[in-house]
Amino acid sequence: MSRNGDIRGFFGRPSAAGPDPGSSMSKPATSSQPVPDLQPSPPISSPWTPPKPTPKLRDRTDEIKGSDDEEGDSDDSLESISAFYKRKNGPAPYERDLNVTSTPKAKRIASSTTLKSPLTILPKPAKHKFDLKFLANHAKQSDRADESARIADELINQSDNDSHDGEHLKEVQNDPALLEKTAKDLLDSDEEDAKGGKLMRAMNRTRVDGSHRVCYFFEQPLCKPPRRPFPQKRAKGCWKCLANSRTRDQTVILGLPHAIAAKGNALPDELFLWILNEVCAERNAQLRVQYCNLVSLCHDSISRLVTDAQLYSMLHKLGGPNYVKGQHGTKLQGLPKVEDPYPKKDWAGLVTFLELLERMAPNLSTENAIGAIQLLLRMGLDPIVSTTVRGEHAAAMEALAGALPKLGTGQWDDACYDISAYLNAIVDKPVDQVVPISHMPKTSTKLLDLRRRMAAVALFQDEDLGGQAPDSALTLDDITSRLDAADFRIGASTDFEALRALVTLLDVVIGPAGFLYPPQHSRSDEKQDDADRRFDADVDALTFRLKMVHDKIHDSTLLSRKVAKASIDLVAKRLTYAVRTRPPPKTSIFDPEPSRREDAGAPKQRAFMKNWALKKAVRGADADGNGNGNENGNGHVDGIE
């Protein structure tokens, strides 16, 4: 079969079957044109399948025709495949030519060529440093400042002219009758005149109590005394490293003097005293720490040189009072209470002093330890202790109490007497005496005993109680008689701040109430229950007396009354639930066996409740119309005796 022949010849019949009628009709038979020889084709029922060509192995170096390298064979009518991916991923992002420094063109260009792009950066117009608008505003500000200064001068001049009115206002505030009259005059109408008393009481509730005076420890304002020069003559030998003033601070910070003292080299007394005077005034925290470490190693110098006078000298750098020899009986003069007496004051030096005193306490002598405790009591009158250095003050007091003689000895009694007499001598009001006592911690038996002795001296105004144990010096009659005094009576002129201080002192004096225990039965096993019963009865009697004082206080809106009632109630609950040997029994008016100290009206109340229950049961039986099981033969109700 020819390559370019008619494809219909592929389906032709073999010559043996005869000529195809279709082919004979389409092609006329000519004798001159030879008939090509047709290959025998398979029958129609089984068409012939051409053989599968065998792939020809190609060499790697063969060139494929029609590739992109040949320009003539490439088909330019087909779109590039990269255009398909561009349509699928969206338009390509705009990329600015880095070489072009002009403003980039917008993506969407307006049709008009006269309009400019909004992205074009126009040059900023030149602005003068001082234009007319700026000068006008400056003139207005200057006028306002002058007007404020003029108004301030007028107010100052007016305050000088109104001095008489200010004195009259003070007289009105101090005189209750005049204050009430002024309050009524403020309300002109007759209907509002009755509210003058209410207005006066409201003014009294909100008025600040300026009568209370505070004993401040530091001066107002604080002064800065000059520092002492360094003793150059004593800086020799192994301590020559401190002679150079330029490298002295760095040498101390690196710990070289501390290492020298740790090897047993004694620090000269002049250098020791110079460090004590510098430790509170030094502003560098690292220097203060190294000074404390160096001083704490000098045990012999501490016992000889650290006295109460030296301690006062250290605090004088912070504005503390001067030490006056023989100031045991000098009364402290209080000052009016100020909201912020030491504004913007750094108390790091005071904290360092208390921490150093705590470390030096074990090496102090008994006399110097007593003087240090008296110093802390004097400092405890200042409100700065309760607000800023409460923890450091308590830790120093505990360490100094541990340096005192053994508890229960004559030396201990003498030390407690000196400390208690000192506090009673410098302040005489209970409001002031209770403050340093309340700041003392309760962490050791020595401190608890010292607190009770100081409180007993302040409560009973008897300095001899400071040298005796409270459990052996006081009795229940002493406590009850003190509660009957005039300062515990509630009236129109009662000072509730002083009453609260007295109740606090009474609570400290009572303590565990060991003076209520009979000494002859305190260690007897046979009569222990009787002794405990009598002890609880005495505690209940003391609690009852306190509740009487509590109930007499009219709970108004005054804060001082509320605080006084709360303090009394707190002491009564402590006696009931902490001092008693056992909790109080719960009593009821229906108890068959009344207690020994029951209320006199309890039997009458029980009889009333019994009759009421009897009448109710009888009425219920009559209403039902049957008395089965309600009454017995004697006319009594079952179960009610």
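Predicted model: local features only at pLDDT ≥ 70, side-chain atom pairs only at ≥ 80, totals over all residues.
Okay, quick definition before we start: a crossing of two helices is called right-handed if the near helix is turned clockwise from the far one by less than a right angle, and left-handed if it's turned anticlockwise.

The chain has 641 residues, and 30% of them count as buried. It has 26 helices and 2 strands. If you take the contacts with a separation of 6 or more, 68% of them are between residues 24 or more positions apart. And the surface? The chain exposes about 43900 Å², with carbon and sulfur atoms supplying 53% of that.

Now find α13 and α15. How is their crossing handed, left or right? Using our definition, it's right-handed. The two helices pack at an angle of about 35°, and their axes are 9 Å apart. On the α13 side, the contact is made by Asp308, Leu311, Tyr312 and Leu315. From α15 you get Gly371, Ala372, Leu375, Arg378 and Met379. Sort that contact by class and there are 6 nonpolar, 1 polar and 2 charged residues.

Next, α18, residues 410–426. Its 17 residues should span 24 Å because we count 1.5 Å a residue, and the end C-alpha atoms are 25 Å apart, which agrees. Which residues of α18 are buried? Among them are Trp412, Ala415, Cys416 and Ile419, and also Tyr422, Leu423 and Ile426.

Notes: Residues numbered from 1 in each chain as written. Heavy atoms only, no water. Helix = DSSP H or I, 4+ residues; strand = E, 2+ residues; numbered from the N terminus. Expected span 1.5 Å × (residues − 1). Buried < 20%, exposed > 50% of the residue type's maximum accessible area, 1.4 Å probe, protein only. Axes fitted to C-alpha atoms, helices over the stretch in contact; angles between N-to-C directions. Contact = heavy atoms within 4.5 Å. Nonpolar A, V, L, I, M, F, W, Y, C, P; charged D, E, K, R; others polar. Areas by Shrake-Rupley, 256 points an atom, 1.4 Å probe, with all protein chains shown as cover.
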